[in-house]
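Open the model in your viewer and keep the selection panel at hand. The stops below say what to pick next and what is there.

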Amino acid sequence: MDCVSLNPFPEAAAFRRPPSEVMRLARMGCAHPTRLSFLRTLLRRVTDQGWVFDRPVWHVDNSGVGRAVYRAIGPERTYSLVAFAHDLPDEMRSDRVIATAWDATFAMFDGEPTEADLDRLQANVPLQEAGRISQKELSLSRANRSVRLFEHVVDRLAAGEQPNVTEVAAVGYLMRTTAVYGSGKFGAADLATVMDRPELNVPFQVEMLSVWLTRQFTVDIAEHLARVRGGARAARLDPAIKKSLGVGNSTGLGMAPFLVRHPILLNNWIMAREEALARVRAQSDADPNTVSEFRAALSDAQENARKWSSTHPSQVSKLAALRKDLDSISGYLALGSMSESDHPWDTLWRWGETQLSLEGQEALLALMLEPHGNLVDGLAECMVANERAAFRLDGSMTVGALCDRLEQAYDWALPIDFDLPDNAARFWYVSEEKLEPRIGFRFEEDGADLEQPLCIARLAKDLHVALQDWSRDAPIASFLVAHPEHRFIVRRVQATERHPYAEVRDNLIAADMLPIDLMRCKLAFFGASRFDPRSDKWVRISLFQDLPYPSDLSPEAWA
Amino acid sequence: MTVPADDPEPNDPTRSGPPLLQADGAWLSHNEIEQLCLKAARGAGMSWGLAEEAGFAAAWLARRDVDGPAAILSQITQADGRSWHEICPEVTAGQVTARDGQELCPIALGTVLCDRGNNFIGSKQEPLLSVGPITYPVLLLPFLSDISKLCALSISLEWSGRRVFVGPNGEVTGDIPALESEPSIHAQIKVGSGPKPANANALRAFFVSEDTLSGLNRYALRTTVPASEASRAGAGADDSD
């Protein structure tokens, strides 16, 4: 969809933050989930459209092994998460992508599976990458238990008691997904085959639905094992404790290159979010109801920041700043400025830009969108991308015009001196071992000759240098006949013309680059919270924490 | 793609199903075909940007039930080790050849023609382009499709008395199986009217033979780096809570 032409708020453009501000790694690494995050869009849709959820199959034995089916029944179509529960010895539990066994494995079936479908899936889904799924499936995923919390919860419930809330808060989930594969992976249906369905025309809706139904499974399997162990004495999980549990996720380097590989998709995500912020800032006044919803969201955010813990040094300081910043916002509201000033949301935003840390500013963004659903929710429909439509480059563009575009959109890259070792210290590659993306040290490790094209700044600079030898009037088609090695970056440079937020404006091979910044940005768009980096290369998060369960929307099926 | 013959962990309790047969190939989604062919083309020495074009072409053909992956494998095997200088198309009035009479790469040729857009033939007076020799010419169709759509043209590809038409809707009709079987042709690309091809069927997976899969995988592996303990450390998430 061309969302620009449908834009009902042309006045918002003046309030939009420029890419030079938004697309910096340090800021992207402070991204917060917003109401435009993909899991929030999913929950809005299933709630507004009255989707019904149930669990028609639960064949799980007393050792917790078996299969289950969770149905999501929408107005036009049904999706079924097929779950396989396993009895995994502790020593085999690994979250690494190179693991070969998990506590539970899942596939999202497009429709309602027959027994034959379930048998076919049972022969493949538990194998994950080593198995094959079919065009009837939309995703493949797996999850491992939190050994510490899962056992504690089952134990307590079996004894007819509730788990210790401190233990629950310390972990925050019963199981964590270690990979959720969608969009045509391992034989699953291509996204393009289902994108005409409104419910899938927002990014990652299948994956989010899968994780949400998985969250229900994590509680169901814990209660099942508690019943096996405790019999009639066993308790159900207290609703408040249950609500505080999300699905954990450990995200490694594999996800980091995604945003770089999908520049148009990245643009559309950021553009939607930035347009949302701009629309809010463009409001000439703030009505009291909206302000009180903002206060409520702020209060929730303060509570969330209190519960959010991390031991990673950078996140520890970010969290301290965030808590202070949220208190400052609270103090700002107490001054009554929201009812007085002209364009009070914009005034609040500009105050925040001077007073808050990056973490606090991005949290403020999320808070400002929260009470403005009517104004911004429609933007969720603008976040998909037809990458194919932008694939064909314009060979008639002149060398001069391309140079001008480079100098404008890559002004952040051209001054970088890549002869300085710190500016080219890293290289991205794919490991032979598991075909997963990794990052190495160029001057210390082998393999830089097999570098992946994620060093966008250097590619842009190389292109700029090469173009200097050509007449400004020459068509880029001629240049590319002589220089096919620049084709990749020319395509990207041309795409920035209509996609201003397409590029991360930082050197992705610099010595001090933090891959977790890329991951956090992507995960925030998913709707992840409680980011807890465990190194500069992987981060633990929570999904759906404090949000409803399928059983809250269809309680009769879990009575 | 398939389970290794020697299961390294035979007691793995999650392996509740039988291993897949290795010899049968696999149904690949178009996304998988595009990615695999991109990597294989890169592994065979294409620039990243051209390798993207190879991935595009393979998936476009597979979507129309033509064995694009096999054609890509044949092409990169044939061109393996040949420099860009040798396969690079040279466009002169009404004619495209490779330097010194070498064989043209259909990916390179298709890309060059697409880049030239409205001007792809070079002469409005004589709407005809002689090309060749060109290897695995079926790989040219995805590019002619893009040109047809871009320029709202009907194009025909003619060789040895046979023809394939590309309509302004970007779809193809004609003697596609014959084109698919040709390892190398001299052809003429003509602009003009022709039958209007029907729109392609809905997308579905495409069956890739084991030979093609293993061949493409072999090239794709050339883009990967053997892991060292240093690089493995901290790359993934080993969570033990």
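Start with chain B. Among its contacts between residues at least 6 apart in sequence, 66% join residues at least 24 apart. Two residues are in contact if their C-beta atoms, placed from the backbone, lie within 7 Å. This is a predicted model: local features need pLDDT of at least 70, side-chain atom pairs count only at pLDDT 80 or more, and totals for chains, interfaces and linings use all residues. Residues are numbered from 1 along each chain as its sequence is written, while chains are lettered from A and ligands numbered from 1 in the order in which they are written.

Colour chain B by secondary structure. Helices (H or I, at least four residues) and strands (E, at least two) are DSSP runs, numbered from the N terminus. Of the 241 residues in chain B, 48% are buried. Buried means 20 or more other C-beta atoms within 10 Å of the residue's own, exposed means 12 or fewer, and partly exposed lies in between; the C-beta atoms are placed from the backbone.

Select 68-79 of chain B, helix α3. Its twelve residues should span 16 Å at 1.5 Å a residue, and its end C-alpha atoms are 16 Å apart, which agrees. The expected span is 1.5 Å times one less than the number of residues. Nine of the twelve residues of α3(B) are buried, so the helix is largely enclosed by the rest of the structure. Among them are Ile72(B), Leu73(B) and Ile76(B). Just after α3(B), Gly81(B) has a positive phi of about 90°.

Next, show α5 (residues 106-116) and α6 (residues 141-151) of chain B. Their axes come within 8 Å and cross at roughly 5°. Axes are lines fitted to C-alpha atoms, for helices over the stretch in contact, with angles from 0 to 180 degrees between N-to-C directions. α5(B) and α6(B) are therefore roughly parallel. The angle classes are: under 35 degrees roughly parallel, over 145 roughly antiparallel, 65 to 115 roughly perpendicular, the rest oblique. From α5(B), pick Gly110(B), Thr111(B), Leu113(B) and Cys114(B); from α6(B), pick Pro142(B), Phe143(B), Asp146(B) and Ile147(B). These contact residues divide into five nonpolar, two polar and one charged. Here Ala, Val, Leu, Ile, Met, Phe, Trp, Tyr, Cys and Pro count as nonpolar, Asp, Glu, Lys and Arg as charged, and the others, Gly among them, as polar.

Move to chain A. Colour domain 1 (10-34 + 260-382), domain 2 (38-252 + 544-558) and domain 3 (387-495). These bounds come from an automatic or database domain assignment. The centres of domain 1 and domain 3 of chain A, taken over C-alpha atoms, are 33 Å apart. Six residues of domain 1 and seven of domain 3 make the contact. Helix α10 (residues 263-281) of chain A gives the largest share of the domain 1 side, three residues.

Select α3 of chain A, residues 38-48. Its buried residues include Phe38(A), Leu42(A) and Val46(A). What do the buried residues of α3(A) pack against? They pack against α7 (205-230), α21, β11 (539-543) and α22 (550-553) of chain A.

Follow that to α21(A), residues 515-526. It reaches 17 Å from first C-alpha to last, close to the 16 Å expected. Twelve of the twelve residues of α21(A) are buried, so it is largely enclosed by the rest of the structure. Just after α21(A), Gly527(A) takes a positive phi of about 115°.

Finish at Gln468(A), in the loop between α18 (456-467) and α19 (476-482) of chain A. Gln468(A) is exposed, with 9 other C-beta atoms within 10 Å.
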